[in-house]
Amino acid sequence: MDTVNTHFKWEEATGAAKYIADRHYEGLLEGRFYRSSCPRGRIKSVTLPTLPDGYHIFGADDVPGQNVLPIVEIDWPAFADQEVRFVGQVIYLVVGPDPDVVDELLNEIAIEYAPLEPAYTIEQSKALKDGAIHADDNVLDTHMLHKGDIEAGFAKAVTIIEETCSTGYQEHIYLETQGAVCYPQDGKVVLEGSMQCPWYVHHTMAVVLGHDNVRAIQCPTGGGFGGKEDFPDVLAAPLAVAVEKLQQPIRLIFERGEDIATTSKRHPVTFHYKTGVDADGKIVAMDIKFDVNAGAYLSLSGIVLQRSITTATNVYDIPNVRVEGHAWATNTVPTGAFRGFGSPQNCFCMETHIHHVAKQLGVDPVAFKQQHFLTSDSHSLTGAEIFGDLVLDEMLHKVLDMSDYQRKFTEFSQPSLNQNQSQAERRKGIGLAVFQHGCGFAGDLEDTLVRAKVKLLKGSDGNVQILASNTDIGQGLSLTFRKIVADTLGKPLEEIQLAVPDTGIVPDSGPTVASRSILIVGYILEKAAKKLKKSWIDGEDQEITEVYCKPDYHQWDQNTYQGNAYQATSYGANVVEVEVDLATGEADITGAWAVYDIGKAIDGTIFRGQIEGGLVQALGYGSCEKLEMTEEGVFAQRSMADYVIPTALDVPAIGSDLVDNPYPYGPNGAKGGGELTHNGGAAAFVAAVENAIGVPLSSIPATPEKVCEALARRSDEPSAQQREGQVKGSGPGNGAAIYED
């Protein structure tokens, strides 16, 4: 395999790139998973078919090392053994030369289960029917965080407002489904596949095999969005076991229906807010409790939980806060990484709640939000001083001007619909969301756990090769990494090459996640390039290695959750305009605008792609991407015909701009931004729909059905004037206003 991917993206654009399904391997066998049909239970007995020559079945007993997927905690088995926790859990891998015969063998496997009462929702998990799925309480992880004095804060409040906001599942719908080929080569077990994190896959294969004679190579990858961070381990572990024994290549590629049904999803989350407002209209206390549906195993839910806790108050400076979060075990597919990693859920719920608090108080939501913005003199929720300049006000003014927000908001805002109003009417609305995203791993993990390493290899011809494990999955790293090095060296871009992410060649610079590739890895590439430039010797081979070292200001205490939760934070503001059909509940998006602070963009065109892709994905999350769990423990939506995502016809041209705010510890002043672009769109969309229909919405996706249900309830709710009077007259703990969908 080539070790340089200088023309990677051109090949993808022209159709010449060889994805995993396009590659030829001599003696290739096809693999299929046999999966659990029981959502929760014990395996009582197994009947396996008689195997024709050349066909094989692998399970837990065949694992030479540990039968685990080492994703944070050691709790998810590579092959289910004795118990199953969700429909679709891998029990066996069946392999052979003819995929039709493999499918026949799968149908001949019979397993008898002793079923237990499954729990699909957080409420069912808390009920502990038939005992706990995990430990004795089904809590996979929990954290609590305090800022200020919550009791003293509520003592100052003259108004108490409570609300529950929630988010649902979201499916990645990457262009290329999960797929990998594993084969023996030079005494090693090698896996090529569609993946984000080759060193994660490398580690998983080493654990299940019990040795480190393994190698993971990223192929051209048709999108990931987090779905190819942890989940490729699910393919890699069984494949490695089979290849170690057979010494033949085996391919495993999911069909779309299998991919949607069995891969990780975005976590559903429910937030409950209790907010105290003083006589001056300022929020003085906020008590936040939230629950995360983690699925059958922990996977990455603990890290999602930590991000949600440490950024629970979003861009707002609330003096007294208590946050408590739990990740619950359920009998569903383990939820995992998805672009934003907990921030889109948190940002939707917090932005929606703040918007509703303002409406309850009878004040302008934009002014209310701006009144509570963090400033450069603030301390974060985790007690850290704000590093650098905050430009939230500048961003807000830009996006309001671009969208003509104030005029439209005044024009679109009308009294709540009355029961006699024509249902044939179409109404316009406009909504705003302001949000953030912490770049890099939470706390000090970049320094204590990952310690990213990169290399630059200069040849005698003056060409330079970048060696890093970060992958291009459509976000443009194959260009931006080369630009960072080329600009630093003062060399033409064509003289800078990027090695294929191959654990047999590249050092471990950490995974392609958490908006860390530019901020962390790009910065140490810039430092390496500066060293190379200073020591450059014409006509000689040279090698430069650089390892991450955190900035002095970045301090964190994992025990108390105090300090800099992230090395740097990027910020954004979105405005969305809609037109809602009151008869059908359908909301057409007629305008979208976005402004971001990502420090300084390495390449404006590349980030423009991130803006448009991320915002469209967020609008789908907020509006139409419905994924429902049935009573049988499977998703009702199994194809792209019934899991609806936005198309080019659903989204208008997006107006966007950046605020230049260089960050001194990023390459050329850059911070991360790929996940940031997904964080605000859902909240802005829902605020716009609310503005159009005059009825609050507190959960997503805000589908047409949900909009119609809200409109049907409007006559049973008090008017806006009644709600305003109720809240303004309430004292601490009394007269709480609750919005729930």
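Okay, a definition to start. A helix axis here is a line fitted to the C-alpha atoms over the stretch in contact, and the angle between two axes is taken between their N-to-C directions. Keep that in mind. We need it for two helix pairs.

One caution before we look. This is a predicted model. How confident is the predictor, on average over the chain? The mean pLDDT is 94, and 94% of the residues score at least 70. Strand β7, residues 90–96, has the highest mean of the elements, at 99. Helix α19, residues 720–728, has the lowest, at 40. Over residues 720–741 the pLDDT is below 50. In the model, this stretch still has 52 contacts beyond near neighbours in sequence.

Find α14, residues 477–489, and α15, residues 517–535. Their axes come within 8 Å. The crossing angle is roughly 30 degrees. Which hand does the crossing have, left or right? It is right-handed. Zoom in on the contact. From α14, look for Leu-477, Phe-481, Ile-484 and Val-485, among others. Across from them, α15 brings residues including Ile-518, Val-521, Leu-525 and Ala-529. Gly-522 of α15 takes part too. What kinds of residue make up this contact? Ten are nonpolar, four polar and three charged.

Second pair. Helix α9 covers residues 343–361, and helix α17 covers 681–693. Here the axes also come within 8 Å, and they cross at roughly 35 degrees. This crossing is right-handed. On the α9 side we have Cys-347, Phe-348, Glu-351, Thr-352, His-355 and His-356. They meet Ala-682, Ala-683, Val-686, Ala-687 and Glu-690 of α17.

Strands β4 and β9 each supply at least two lining residues, and so do helices α5, α8 and α13. Which element gives the most? Helix α5 does, with five residues. By type, the lining has 18 nonpolar residues, eight polar and six charged.

To recap the pairs: α14 with α15 crosses at roughly 30 degrees, and α9 with α17 at roughly 35 degrees. And treat residues 720–741 with care, with their pLDDT below 50. Thanks.

Key: Residues numbered from 1 in each chain as written. Predicted model: local features only at pLDDT ≥ 70, side-chain atom pairs only at ≥ 80, totals over all residues. Heavy atoms only, no water. pLDDT = per-residue confidence, 0-100. Helix = DSSP H or I, 4+ residues; strand = E, 2+ residues; numbered from the N terminus. Contact = heavy atoms within 4.5 Å. Axes fitted to C-alpha atoms, helices over the stretch in contact; angles between N-to-C directions. Left-handed = near helix turned anticlockwise from the far one by under 90°. Nonpolar A, V, L, I, M, F, W, Y, C, P; charged D, E, K, R; others polar.
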